[in-house]
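Hi,

Here is the structure I said I would send over. Have a look at it first, and my notes follow below.

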Amino acid sequence: IRYLNRHAPWGKKTVKRIIVELILVVLLGVVVSIGLTMLSNAIGRYRDDLSRVLLNNAVIFVVVNILLAVILEGWSFFAESRHAKAVAKNLREEISRIKFEILKSQINPHFMFNSLNVLSGLIGVDDKKAQEFIDEFSQIYRYVLETIEQPVSTLGRELGFIRSYLFLQKIRYGDCLSWTVNVPGELLPLLVPPLSLQTLLENAIKHNIINPDKPLNIEIFAEAKTLVVKNNIQPKISAPVSTGVGLKNLTKRYALISKQEPAFFVDAGHYIAKLPLINTEADESTDN
């Protein structure tokens, strides 16, 4: 049964499973019955005709073996069902916790406070830019509310959100913050967890010095079907201790939707994050 669960699972190769399992159960019953009958006959000969005894015992062993296989299959289904329910329950709890952490991190009080301070400084000084700031600020939180319950978002929508996010940061930091985006158009329909880029950019801005002497440069580009986010490292002396919660949540969110995993590492004075771009159709065909 364990062998067939791996090579002819129920639901995918049901007919093959039934035929193969029935043949194996019958053969096993016949072989075991013949072996035990011949051993018993060697110890003390049967009074009845040996061929008749062999046939009767074979039928009994085959029937018992079929019943045993049915019982074991039933127990296997029960155990798998119980395990699946436990996994589903844990998964629902994990998803709820991750969603809460994501929502908590996106509606960041520091980000809101800094943004409102910037807006306050623009009002009356540059009304046009203040209006642009309000428009982009509303776009950010509209996107957060629209995607917080979604497992994935297209790369195109995610990059649109990031442009609004970086627009606000650009007003705050001016020329001390720069970024480039170089992503081919054919990759824009591919999928990523929503707000994944914001997590990476927020980490870069929070943990690095950003001033005229040490500008922060962020590059967003594609390598095959992977999105790369790269920034120069210039850590703040009084930077908050990184707990890594954001990156851990991002890794868990990838685990919910794909077998691919993001990668985070330091190379030649740069912090690099690589996010797999997900094609659901390709993933489904691979699984099949």
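Let me start with helix 2, which runs to 30 residues and spans 43 Å from its first C-alpha to its last, close to the 44 Å expected at 1.5 Å a residue. Keep in mind that this is a predicted model.

Helix 2 covers residues 14–43, and leucine 39 sits in it. Leu39 also belongs to a nonpolar surface patch, together with Leu28, Val32, Leu36 and Ile43. Between them, these side chains have about 490 Å² of accessible area. As for what is buried in helix 2, the list reads Arg17, Glu21, Val25, Gly29, Ser33, Thr37 and Asn41.

The other spot I looked at is isoleucine 210, in the loop between helix 7 (196–207) and strand 4 (216–223). Its relative accessible area is 15%, and buried means under 20%, so isoleucine 210 counts as buried. Which residues does isoleucine 210 contact, leaving aside its neighbours within four places in sequence? They are Tyr173, Cys176, Leu177, Ile205 and Leu216. Lysine 236 is 26 residues away from isoleucine 210 along the chain, with 8.9 Å between the two C-alpha atoms.

Now for the chain overall. There are 9 helices and 7 strands in the protein chain, and 33% of its 288 residues are buried. Of the contacts with a separation of 6 or more, 70% are between residues 24 or more positions apart.

Cheers

Note on methods
Residues are numbered from 1 along each chain as its sequence is written. This is a predicted model: local features need pLDDT of at least 70, side-chain atom pairs count only at pLDDT 80 or more; totals for chains, interfaces and linings use all residues. Side-chain values use heavy atoms; hydrogens and water are left out. Patches are made of residues with over 30% relative accessible area and no salt bridge: like charges are joined within 9 Å, nonpolar side chains (Val, Leu, Ile, Met, Phe, Trp, Tyr) within 5 Å. Accessible areas come from the Shrake-Rupley method with a 1.4 Å probe; for residues, only the protein chains shown count as cover. A salt bridge is a side-chain nitrogen of Lys or Arg within 4 Å of a carboxyl oxygen of Asp or Glu. Helices (H or I, at least four residues) and strands (E, at least two) are DSSP runs, numbered from the N terminus. The expected span of a helix is 1.5 Å times one less than its number of residues. Buried means under 20% relative accessible area, exposed over 50%, partly exposed in between (1.4 Å probe, protein chains only). Contact means heavy atoms within 4.5 Å.
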